[in-house]
Number of protein chains: 2
Amino acid sequence: MNFEMIQAANARLDGHVRRTPMLSSPFLDDIAGRRVLVKAECLQHTGSFKFRGGWSAISALTPEQKQGGVIAFSSGNHAQGVAYAAREHGVSALIIMPADAPKLKIDNTRALGAEVVFYDRATEDRDAIGTALSRERGLTLIKPFDEPQVIAGQGTTGLEIAAQAEENNVENADVLVCCGGGGLTSGIALALAAKAPGLRVRPAEPSGFDDTARSLTSGQIEVNATTSGSICDAIITPSPGQITFPIMQKLCGPGLILSEDDTLRAMAAAFTRLKIVLEPGGAVALAAALYHPQDIPGDAVIAVATGGNVDAEIFAQVLQRFGTGN
Amino acid sequence: MNFEMIQAANARLDGHVRRTPMLSSPFLDDIAGRRVLVKAECLQHTGSFKFRGGWSAISALTPEQKQGGVIAFSSGNHAQGVAYAAREHGVSALIIMPADAPKLKIDNTRALGAEVVFYDRATEDRDAIGTALSRERGLTLIKPFDEPQVIAGQGTTGLEIAAQAEENNVENADVLVCCGGGGLTSGIALALAAKAPGLRVRPAEPSGFDDTARSLTSGQIEVNATTSGSICDAIITPSPGQITFPIMQKLCGPGLILSEDDTLRAMAAAFTRLKIVLEPGGAVALAAALYHPQDIPGDAVIAVATGGNVDAEIFAQVLQRFGTGN
């Protein structure tokens with residue numbers, strides 16, 4: 001896994017991925033007490049950065065692998081990213097999803113042409129199910145994060161951040177990334193180490209699912225106590241990956257841990273001030289930027305808003321509870 | 001008023017305006033039965049295209065005019081656009097707003113440093129109030145639409161649409177624009193006539209406030225029967241302007257008229273499929289693209305999503321009522 005793979009993925013994604021905007025608002029700057037730049041990956045195809053990794057992995061398959069079809073396991077964003085990228089490549093896709101995934105994510109994955117198989121997040125091992133089905137049907141497994149071509153695809157976000165930070169005259173800043181298994185976090189870290197060494201990546205995680213923060217502190221891979229029970233369904237992966245963790249250990253600053261209330265309030269702030277829709281798991285980085293300013297150095301901070309696939313009822317509740325997010 | 005003024009405004013806006021993305025979703029294409037491209041001006045600074053016109057007008061003032069300050073009347077989006085552009089230029093701003101403007105727009109206009117004066121939309125004439133105050137205090141009036149430098153600023157949206165349509169291989173399409181007084185509509189029409197003559201602008205208006213559609217049909221400026229009573233507060237201007245109407249008459253196709261239900265449903269669809277926040281007055285063009293396909297020709301349509309300044313309570317109600325917008 002290296003920077004050259006990110007550059008190669010970037011070439012394969014050219015013309016297919018959306019270069020998402022870097023947004024800002026003087027109102028958010030006032031809340032945070034410094035400039036806040038928000039990389040709006042919720043505006044990516046399928047509503048999250050996962051399309052990048054899906055496209056990168058599928059576009060790198062051999063013709064034989066493409067003909068055989070792909071399989072992925074995911075709570076919903078990787079599912080949609082892989083399903084859409086597969087459809088655009090004319091490749092069939094089987095997606096294994098937790099039975100409690102948000103309805104919108106399940107519906108979308110099916111509507112994008114994928115076959116969906118469910119598992120129980122609390123009692124079943126999705127890796128084992130995925131491995132068995134992929135052997136049985138001759139499918140190529142596209143892992144959600146611990147897979148070099150997926151990390152390379154997510155890392156293209158970092159190339160854009162480097163360019164957009166320069167456009168905004170930001171040379172030194174923390175780059176906060178909503179972190180599950182670390183595919184996006186490690187990919188961005190590799191890209192920034194090469195292109196913008198003054199930008200330091202830091203993972204942001206929900207309280208109770210701070211495996212990456214704890215792993216960075218202890219120096220070894222730590223595991224969450226539970227595998228369900230957070231509203232941040234997109235990023236409650238049990239632990240960082242065998243490939244992603246060493247990269248994060250080498251390149252990332254300390255993790256940030258967010259309460260559910262701060263996360264939901266950040267969704268309201270993004271609604272009011274940026275006019276974008278964030279899902280809870282896509283809002284933890286912005287929550288850290290806005291409501292934990294004492295944990296962040298410098299005059300500017302960059303938050304990656306990773307996804308927006310949230311059910312309408314939940315979003316409505318968040319707005320009613322938190323208003324403008326001030 | 002001519003194309004060269006739009007090019008000049010574009011040069012003054014360079015580095016200050018946000019080049020907003022052209023978004024799309026296969027789900028929206030399915031609803032409309034053709035490709036739908038959405039120009040997301042809700043992601044512009046201050047949450048609407050109005051920042052373009054505000055910046056264009058203020059950047060074109062003489063040093064003496066800048067020192068004297070500016071005045072504007074607006075239901076809220078022009079107010080914020082002018083207030084923010086004025087603040088960035090170090091110019092003081094007085095904004096005249098209807099007393100029933102959305103709270104968010106009033107709060108934001110004040111927070112951006114402007115002084116706010118209210119009037120009654122049903123009984124008072126905002127033009128008369130604006131003219132009197134501007135004389136009394138020596139302020140330069142920045143009209144909301146019937147002002148060449150404002151039209152030139154809004155027209156820069158059309159330059160971007162021309163380039164983005166080409167990137168998307170769209171040569172012939174209707175370009176639907178949410179229309180109040182016609183500043184944005186006429187500006188985009190002028191830009192596209194010069195840069196992408198296969199793209200035809202059509203105004204989209206709320207039912208009961210279809211002054212521009214009727215004016216285009218009758219060949220003379222028609223006036224709405226009422227001046228309040230629509231949820232689309234941003235675009236219930238009484239009639240097209242003396243400058244904007246002749247441009248629209250020459251360059252635009254027939255108007256489209258949208259029900260409140262279709263408009264609110266389009267807000268839900270934009271939430272679910274594009275992850276953007278639209279206000280009612282910013283969603284009528286998308287509503288036409290999605291739910292009136294029989295009134296639109298061709299394989300593709302472009303809808304300009306003009307603004308996203310909607311109160312959280314209203315947006316929550318829309319989501320609860322219309323779900324995914326399918």
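This is a predicted model: local features need pLDDT of at least 70, side-chain atom pairs count only at pLDDT 80 or more; totals for chains, interfaces and linings use all residues.

Is strand β8 of chain A, residues 199-206, mostly covered or mostly open? It is mostly covered, for eight of its eight residues are buried. In general, the side chains of a regular strand alternate between the two faces of the sheet. In β8(A), A:Leu199, A:Val201, A:Pro203 and A:Glu205 point one way, while A:Arg200, A:Arg202, A:Ala204 and A:Pro206 point the other way, and all are buried. The partner to consider here is strand β7 of chain A, residues 173-178, which pairs with β8(A) in the parallel sense over six bridges. Within chain A, A:Val177 stands opposite A:Pro203 of β8(A).

For the sheet as a whole, I move to chain B. There, six strands form an open sheet with mixed pairing, in the order β1-β2-β10-β7-β8-β9. Its edge strands are β1 (22-23) and β9 (256-258) of chain B, each of which pairs on one side only. Strands β7 (residues 173-178) and β8 (residues 199-206) of chain B run parallel and are joined by six bridges. B:Ala173 stands opposite B:Leu199 in β8(B). Packed on this sheet is helix α8 of chain B, residues 148-167, which touches β1, β2 (35-40), β7, β8 and β10 (300-305) of chain B. The direction of α8 makes about 145° with that of β10(B).

Finally, I return to chain A for a pair of helices. Helix α9 (residues 183-195) and helix α11 (residues 244-251) of chain A pack with their axes 9 Å apart, at an angle of about 45°. The two helices, α9(A) and α11(A), are therefore oblique to each other, and their crossing is left-handed. Which residues make the contact? From α9(A) come A:Gly183, A:Thr185, A:Ser186, A:Ala189, A:Leu190 and A:Ala193, and from α11(A) come A:Thr244, A:Ile247, A:Met248 and A:Leu251. By class, this contact has six nonpolar, four polar and no charged residues.

Methods. Residues are numbered from 1 along each chain as its sequence is written. Chains are lettered from A and ligands numbered from 1 in the order in which they are written. Axes are lines fitted to C-alpha atoms, for helices over the stretch in contact, and angles run from 0 to 180 degrees between N-to-C directions. Helices (H or I, at least four residues) and strands (E, at least two) are DSSP runs, numbered from the N terminus. Angles under 35 degrees count as roughly parallel, over 145 as roughly antiparallel, 65 to 115 as roughly perpendicular and the rest as oblique. A crossing is left-handed if the near helix is turned anticlockwise from the far one by less than a right angle, and right-handed if clockwise. Two residues are in contact if their C-beta atoms, placed from the backbone, lie within 7 Å. Ala, Val, Leu, Ile, Met, Phe, Trp, Tyr, Cys and Pro count as nonpolar, Asp, Glu, Lys and Arg as charged, and the others, Gly among them, as polar. A residue is buried if 20 or more other C-beta atoms lie within 10 Å of its own, exposed if 12 or fewer, and partly exposed in between; C-beta atoms are placed from the backbone. Two strands pair if DSSP finds at least two bridges between them.
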